Amino acid sequence: MPELPEVETVAADLRTELVDRRFVGAHILWPRTLAAPDAGELVERIQGRQVIDVGRRGKFILMHLDDGQTLVVHLRMTGSLAVVACGEPQPANNHIRAWFPLADGDALVFTDPRKFGRIWLVADINEVTGKLGPEPLAWDFTFQEFADRLRRRKVAIKALLLDQTVVAGIGNIYADESLFRAGIHPLRRSSSLSDQELERLYLSIRQVLKEAIEKRGTLLRDYRTPYGEDGYFRNDLRVYGRLEKPCPNCGTPIMRIRVTQRSTHFCPHCQCEENELPPQEDAPIIDEI
């Protein structure tokens with residue numbers, strides 16, 4: 001699933017294409033793609049509305065409109081958004097789930113082969129994103145707030161990083177990469193981490209996410225950037241997807257376990273195992289909001 005860097009890349013691409021342009025309608029081809037409102041109300045409320053900005057919150061893309069409404073899209077596993085130069089998308093592409101014609105004849109097209117993506121049009125974005133934790137790259141997200149959120153829980157640290165109510169936008173790839181750079185085993189009990197370890201993790205998360213954004217994210221099997229330029233942070237992955245390959249620090253083969261039903265990669269030598277938890281003790285997490 002695309003994570004914060006990939007979603008930030010999509011939002012940045014769409015910002016250059018959509019700002020100051022107007023929607024003239026909406027076509028929902030797969031009804032379950034639209035979470036709210038219903039299709040008839042969507043068409044009525046979006047018609048004639050101008051896009052004033054495109055942003056991101058967690059893993060959600062936010063298209064802010066001139067009347068205060070927001071068109072919200074969650075790509076989930078296989079969704080993609082792009083502005084295409086055509087009056088109507090080609091019907092031969094049976095993966096198009098929704099499209100939004102623009103006043104100049106182009107269209108914003110949402111394609112989603114596996115049909116997991118969702119779209120909302122809301123007056124208040126908190127209706128969709130209200131449960132999200134803080135943004136890890138926000139200027140006001142301090143180390144102290146990060147540490148306080150992790151100290152409250154006695155579960156595996158990897159599980160907390162995936163929980164979108166704790167910190168927004170981090171997923172499987174960047175949790176593994178951040179834990180590796182911080183030298184922390186993914187099954188370490190969060191409450192067992194020292195101040196020094198928490199600070200290393202805080203800094204590692206911010207460093208990894210910034211580097212990934214600069215390189216347009218990580219190219220995944222089901223993720224592509226809107227206009228064909230591949231995310232090339234994949235060249236900098238140190239543990240994720242590198243099962244049995246040598247650790248870039250010490251040469252020990254990378255191992256893989258499951259945490260919260262997610263494939264988790266780490267170096268057994270570089271990432272300390274002190275106070276680790278067995279996988280079955282992971283608490284439920286909220287990673288789909």
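Where does glycine 79 lie? Glycine 79 lies in the loop between β5 (70-74) and β6 (80-84), where helices (H or I, at least four residues) and strands (E, at least two) are DSSP runs numbered from the N terminus. This is a predicted model, in which local features need pLDDT of at least 70 and side-chain atom pairs count only at pLDDT 80 or more, while totals for chains, interfaces and linings use all residues. Residues are numbered from 1 along each chain as its sequence is written, and side-chain values use heavy atoms, with hydrogens and water left out.

**Glycine 79**

Select glycine 79: it counts as buried because its relative accessibility is 7%, where buried means under 20% relative accessible area, exposed over 50% and partly exposed in between (1.4 Å probe, protein chains only). Leaving aside neighbours within four places in sequence, glycine 79 is in contact with Phe110, Thr111 and Asp112, contact meaning heavy atoms within 4.5 Å.

**The whole chain**

Zoom out to the protein chain, which holds seven helices and 11 strands. Of its 289 residues, 51% are buried. Among contacts with a separation of 6 or more, 66% are between residues 24 or more positions apart. The chain exposes about 12,700 Å², of which carbon and sulfur atoms supply 47%; accessible areas come from the Shrake-Rupley method with a 1.4 Å probe, and for residues only the protein chains shown count as cover.

**Helix α7 and its partners**

Two packed helices are described by the angle between their axes and the distance between the axes. Select helix α4 (residues 143-151) together with helix α7 (residues 195-214): their axes come within 10 Å and cross at roughly 115°, the axes being lines fitted to C-alpha atoms, for helices over the stretch in contact, with angles from 0 to 180 degrees between N-to-C directions. The crossing of α4 past α7 is right-handed; a crossing is left-handed if the near helix is turned anticlockwise from the far one by less than a right angle, and right-handed if clockwise. On the α4 side, show Phe143, Phe146, Ala147, Leu150 and Arg151, which meet Asp195, Leu198, Glu199, Leu201, Tyr202 and Ile205 in α7. The residues of this contact divide into eight nonpolar, no polar and three charged, with Ala, Val, Leu, Ile, Met, Phe, Trp, Tyr, Cys and Pro counted as nonpolar, Asp, Glu, Lys and Arg as charged, and the others, Gly among them, as polar.

**Arginine 56**

Next, select arginine 56 in strand β3 (residues 51-57), which counts as buried because its relative accessibility is 18%. Its side chain makes polar contacts with the side chain of glutamate 8 (2.8 Å) and with the side chain of glutamate 135 (2.8 Å). A polar contact is a pair of N or O atoms within 3.5 Å; within protein, one must be able to donate a hydrogen and the other to accept it, and residues adjacent in sequence count only if both atoms are side-chain atoms. Not counting residues up to four places away in sequence, arginine 56 touches Leu4, Val7, Glu8, Leu62 and Glu135.

**Around helix α2**

Move to the loop between β2 (34-36) and α2, where proline 37 lies; a cis peptide bond joins alanine 36 and proline 37, with omega about -5°. At the start of helix α2 (residues 39-46), a side-chain oxygen of aspartate 38 reaches to within 3.2 Å of the backbone nitrogen of glycine 40. Following α2 is glycine 48, whose phi is positive, near 85°.

**Two positive phi values**

Most residues other than glycine have a negative phi, and most peptide bonds are trans. Select arginine 216, in the loop between α7 and β10 (255-259), which has a positive phi of about 65° although it is not a glycine. Is arginine 216 buried or exposed? It counts as buried, at 14% relative accessibility. Finish with glutamate 244, placed in the loop between α7 and β10, where phi is near 70° and the residue counts as exposed at 63% relative accessibility.
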